[in-house]
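Here is a short report on one protein model. Look at the sequence and structure first, then read on.

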Amino acid sequence: MSTPVHNHGAWAVVGVYRGRERETWYRRLDDGRVPGRARLQVADTFVNPRGTVTVVPDGTIHSVEALDGTDAISIHVYGTDILTQNRSTFDLRTGSEAPFRPDFTDLGSER
């Protein structure tokens, strides 16, 4: 399982509770003035095992992937209301940026 490349629109603190995650941070190469376009480059990659706590600064663009063929569970604390914050996803292949608002309304409905 992995997330799309995305931002949060605020700082975050993430703690890995179970499993291992690979987190890739991206550097934006353009100035963001062209709507719907973004040029990104990999800035750094981290492997975060259980017990790792990461501070994700405001403005960070990243993706997260569970490793070892198992689910990873992490706890997230955001510096904003993540449900109403303007956020984006990024497509590295096409160089596009799209608005993103996660739908958390059905969390836990499958359990």
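## A nonpolar patch

In this predicted model, Y17, I73 and I75 make up a nonpolar patch on the surface. Together they have about 300 Å² of accessible area. Y17 sits in strand β2, residues 12–18.

Strand β8 covers residues 87–91. Of its 5 residues, 4 are buried, so the strand is largely enclosed by the rest of the structure.

β8 pairs with strand β1 (residues 5–7) in the antiparallel sense, over 2 bridges. Here T89 in β8 stands opposite H6. β8 also pairs with strand β9 (residues 96–100), again antiparallel, over 5 bridges. In β9, T89 has A98 as its bridge partner. β8 and β9 form a hairpin with 4 residues between them. In the turn, G95 has a positive phi of about 70°.

## Salt bridges

Side chains of opposite charge can pair when their charged atoms come close. The structure holds 5 salt bridges.

One of them joins D68 and R20, with the closest N and O atoms 2.8 Å apart. This pair links distant parts of the chain, 48 residues apart. D68 lies in the loop between β6 and β7, R20 in the loop between β2 and β3. D68 is exposed at 52% relative accessible area, while R20 is partly exposed at 32%.

R28 and E97 also meet in a salt bridge, 3.0 Å from N to O. R28 is in strand β3 and E97 in strand β9, 69 residues apart. R28 is partly exposed, at 27% relative accessibility. R28, D30 and E97 are linked in a network of salt bridges.

R33 forms a salt bridge with D31, at 2.8 Å between the closest N and O atoms. Both R33 and D31 are exposed.

Terms used:
Residues are numbered from 1 along each chain as its sequence is written. This is a predicted model: local features need pLDDT of at least 70, side-chain atom pairs count only at pLDDT 80 or more; totals for chains, interfaces and linings use all residues. Side-chain values use heavy atoms; hydrogens and water are left out. Patches are made of residues with over 30% relative accessible area and no salt bridge: like charges are joined within 9 Å, nonpolar side chains (Val, Leu, Ile, Met, Phe, Trp, Tyr) within 5 Å. Accessible areas come from the Shrake-Rupley method with a 1.4 Å probe; for residues, only the protein chains shown count as cover. A salt bridge is a side-chain nitrogen of Lys or Arg within 4 Å of a carboxyl oxygen of Asp or Glu. Buried means under 20% relative accessible area, exposed over 50%, partly exposed in between (1.4 Å probe, protein chains only). Two strands pair if DSSP finds at least two bridges between them.
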